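Reader: Hi, I have a structure open and I'd like to go through a few parts of it with you. Could we take it piece by piece?

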Amino acid sequence: MIEPNLKVLNKDIMLDLIGDDPVMIRQFEIDFLKQAKESLQKIILMYNQDSFTAVKEEAHFLKTSAAAVGAEQTSHLLKALEVSGDVGDKQKCKHLILEIKSSLKQVHGAIIDDSSSNSSMPSSQGDNAL
């Protein structure tokens, strides 16, 4: 369950962290999308191998990055996955992995939509990240 006050992508987080540097922010967002794709693949693989400790650790790793770029909903779901992985709750992990995948698609959409409205940045760089 996602908290209603959490945003798909809170742009203020990156502005506070980096400042008003759209090019650098865009690069961090693209890097996050690439990392998220790789981490989600690892999480799914580890889930399928019943390696819940590894699921928990990878969720923690990705949660930190998600929080840094302002992907608040994704970060919240990853925190829940950490807890479920820690206790080995396979059904809850499966449900959360599906929610995280959906949440990451929303983040991808928010990043790509934002770049389309900003003509100074190429939108093609992150289009295939997820």
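Reader: Which helix is V107 found in?
Author: This is a predicted model, and in it V107 is found in helix α5, which covers residues 90-116.

Reader: Is V107 buried or exposed?
Author: V107 has a relative accessible area of 0%, and because buried means under 20% relative accessible area, V107 counts as buried.

Reader: OK, and what is V107 in contact with, leaving aside its neighbours within four places in sequence?
Author: Once those neighbours within four places are set aside, V107 is in contact with V8, L9, F32, L33, A71 and T74.

Reader: How far apart are V107 and A66?
Author: In sequence they are 41 residues apart, whereas in space the distance from C-alpha to C-alpha is 9.7 Å.

Reader: Switching to helix pairs, how do the axes of α3 and α4 cross?
Author: The axes of α3 and helix α4, which spans residues 72-87, come within 8 Å of one another and cross at roughly 160°. Angles over 145 degrees count as roughly antiparallel, so α3 is roughly antiparallel to α4. As for handedness, α3 passes α4 in a left-handed crossing.

Reader: Which residues meet there?
Author: On the α3 side they are F52, T53, V55, K56, A59, H60, L62, K63, A66 and A67, and on the α4 side T74, S75, L78, K79, L81, E82, G85 and D86. Sorted by class, this contact of α3 with α4 has eight nonpolar, five polar and five charged residues.

Reader: Last one: where is D50, and what is its phi?
Author: D50 is found in the loop between α2 (22-48) and α3. Phi of D50 is near 55°, which is a positive value in a residue other than glycine. With 43% relative accessibility, D50 counts as partly exposed.

Note on methods
Residues numbered from 1 in each chain as written. Predicted model: local features only at pLDDT ≥ 70, side-chain atom pairs only at ≥ 80, totals over all residues. Heavy atoms only, no water. Axes fitted to C-alpha atoms, helices over the stretch in contact; angles between N-to-C directions. Helix = DSSP H or I, 4+ residues; strand = E, 2+ residues; numbered from the N terminus. Parallel < 35°, antiparallel > 145°, perpendicular 65-115°, else oblique. Left-handed = near helix turned anticlockwise from the far one by under 90°. Contact = heavy atoms within 4.5 Å. Nonpolar A, V, L, I, M, F, W, Y, C, P; charged D, E, K, R; others polar. Buried < 20%, exposed > 50% of the residue type's maximum accessible area, 1.4 Å probe, protein only.
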